[in-house]
Amino acid sequence: MTPVRIQRLRGTHDIYGEDALLFQKMEQTAKNVFNRFGFEELRTPVMEEKELFSRALGTETDVVKKEMYEFEDRSKTQVALRPEGTAGIVRAYLENSLDKKEGLCKFYYMGPMFRSERPQAGRLRQFHQIGVEQLGTDSPYADAETIHALTVFLDEAGASGYRVKLNNLGTFEERKKFREELTGYFTPLKNSLCEDCRSRLERNVFRILDCKVEFCREMIRKSPPIRDFLTPESKAHFEKVGQLLKDSGVSYTEDPYMVRGLDYYTRTVFELSHEKLGAQDALAAGGRYDKLVESFGGPSVGAVGFAVGIERLLMCVKGPAPAEKSYEESFFMVALGEAAFKKATEIVFKLRAAHVKALMDFNPSSMKSQMRSADKNKCRYAVILGDNELEKGTFVLKNLEIGEQKEYSLPDVIEVCKKNRKFL
Ligand code: HAM
């Protein structure tokens with residue numbers, strides 16, 4: 001068969017080397033931080049019924065209209081690859097009767113999401129999110145706790161330098177009047193709006209507020225702000241969130257024109273941008289979605305959450321490459337001669353079973369080449385075994401960082417390695 005080289009799809013990427021280590025670090029940091037805040041992990045499937053997303057996110061949103069990967073499976077079910085995590089969490093919460101357990105449910109999740117957007121720096125078609133959701137609460141304490149958890153996570157992940165923006169979108173009820181006023185304000189200005197905004201005026205007038213075109217922004221800045229349409233209850237909720245954030249040391253700015261690209265939000269919404277990100281500067285975003293659980297036949301309970309894009313997070317935490325080589329507490333077996341190779345193989349298996357990281361080149365090669373492999377793998381130690389040593393019943397342990405070496409008795413090899421891990 002003629003060989004064919006197949007490439008990855010546009011907007012997807014392979015994660016390896018330093019990036020794979022950073023992914024692991026971010027995931028571990030998230031687990032530690034969210035566990036401290038009382039969140040538990042919930043893993044949902046990568047594919048769900050398409051209707052879950054179209055109902056939750058809104059049929060008129062860009063994500064549902066233009067960006068979902070959707071297909072009909074063999075049993076004619078309309079399936080979509082998840083473009084975000086919240087809808088799946090709500091489905092799982094109801095399907096597993098977690099809403100029947102008393103009180104609040106707090107979940108965190110991480111994994112790949114899929115959106116068929118035009119790929120560019122920081123914008124992928126398969127990307128990864130880490131997120132949290134709290135279901136079963138209307139309390140402003142939950143909004144503040146969620147945002148605080150996000151900032152603690154970003155600080156511990158090494159991504160300080162972010163800016164928090166906050167707005168209150170009101171309830172669906174409050175937004176009805178706002179929609180009318182906004183439509184009334186923009187309709188006479190229609191011909192001065194950009195082409196996208198003209199169609200937004202017909203489809204979803206709120207999306208105009210998100211426009212980045214400067215002449216639209218000028219008109220937006222003069223439009224009536226949502227806060228003029230909030231009930232005292234909604235205003236009090238927002239003020240309490242702000243107060244609690246100040247008390248927990250989270251600084252933020254209010255952006256009365258911030259809207260979100262998904263339709264489920266009610267009241268508090270927030271976005272975090274980062275100085276190290278370019279045009280796609282949204283590092284994380286979230287908010288309250290008090291009607292979503294009910295809209296899937298669940299109880300009338302409030303909920304709030306956020307998601308961080310891991311690829312964007314990595315762009316924020318990556319600094320210059322470390323100047324010094326860092327050694328790992330691991331061992332490289334260097335074997336010279338057939339009998340020594342056999343013995344070394346036996347030892348490497350035993351070391352691993354004894355919880356010691358040990359590597360070996362299973363293609364017999366020269367001492368120089370094996371030492372090079374040890375170096376490449378950043379092993380601090382070489383366990384050197386030649387036929388001479390084998391005859392004497394010894395081996396040599398060499399600390400590659402400081403260049404010192406010492407001979408030990410072969411039957412003690414596992415114990416010696418375990419003991420010498422930190423020093424020689
Ligand atoms: P979102 O704003 O659509 O919200 O996405 C959250 C984050 O995911 C963004 O801030 C960004 O870092 C990352 N992201 C989104 N699209 C892409 C992409 N194409 N390439 C790379 N990164 C991307 C949500 O997904 C909501 N579910 C958040 C939420 C949770 N709201 C309440 N609970």
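Please keep in mind that the model is predicted.

I begin with the sheet. Five strands form an open sheet with mixed pairing, in the order β13-β12-β14-β15-β16. At its edges stand β13, residues 358–360, and β16, residues 405–409; each has a single partner strand, so one side of each is left without a neighbour in the sheet. On average, neighbouring strands of this sheet are turned by 25° against each other, direction ignored.

Within the sheet, I would point to β12, residues 328–336, and β14, residues 379–386, which pair in the parallel sense over 7 bridges.

Helix α13, residues 367–376, lies across β12, β14 and β15, and runs at about 170° to β12. Helix α15, residues 413–420, lies across β12, β14, β15 and β16, and its direction is at about 15° to β15.

I turn now to a pair of helices. Two packed helices are described by the angle between their axes and the distance between the axes. How do the axes of α1 and α11 cross? The axes of α1, residues 17–36, and α11, residues 310–317, come within 11 Å and cross at roughly 105°. The two helices are therefore roughly perpendicular to each other. On the α1 side, Asp19, Leu22, Phe23 and Met26 make the contact; on the α11 side, Ile310, Glu311, Leu313, Leu314 and Val317 do. By class, this contact has 7 nonpolar and 2 charged residues, and no polar ones.

Key
Residues are numbered from 1 along each chain as its sequence is written. This is a predicted model: local features need pLDDT of at least 70, side-chain atom pairs count only at pLDDT 80 or more; totals for chains, interfaces and linings use all residues. Side-chain values use heavy atoms; hydrogens and water are left out. Two strands pair if DSSP finds at least two bridges between them. Helices (H or I, at least four residues) and strands (E, at least two) are DSSP runs, numbered from the N terminus. Axes are lines fitted to C-alpha atoms, for helices over the stretch in contact, and angles run from 0 to 180 degrees between N-to-C directions. Contact means heavy atoms within 4.5 Å. Angles under 35 degrees count as roughly parallel, over 145 as roughly antiparallel, 65 to 115 as roughly perpendicular and the rest as oblique. Ala, Val, Leu, Ile, Met, Phe, Trp, Tyr, Cys and Pro count as nonpolar, Asp, Glu, Lys and Arg as charged, and the others, Gly among them, as polar.
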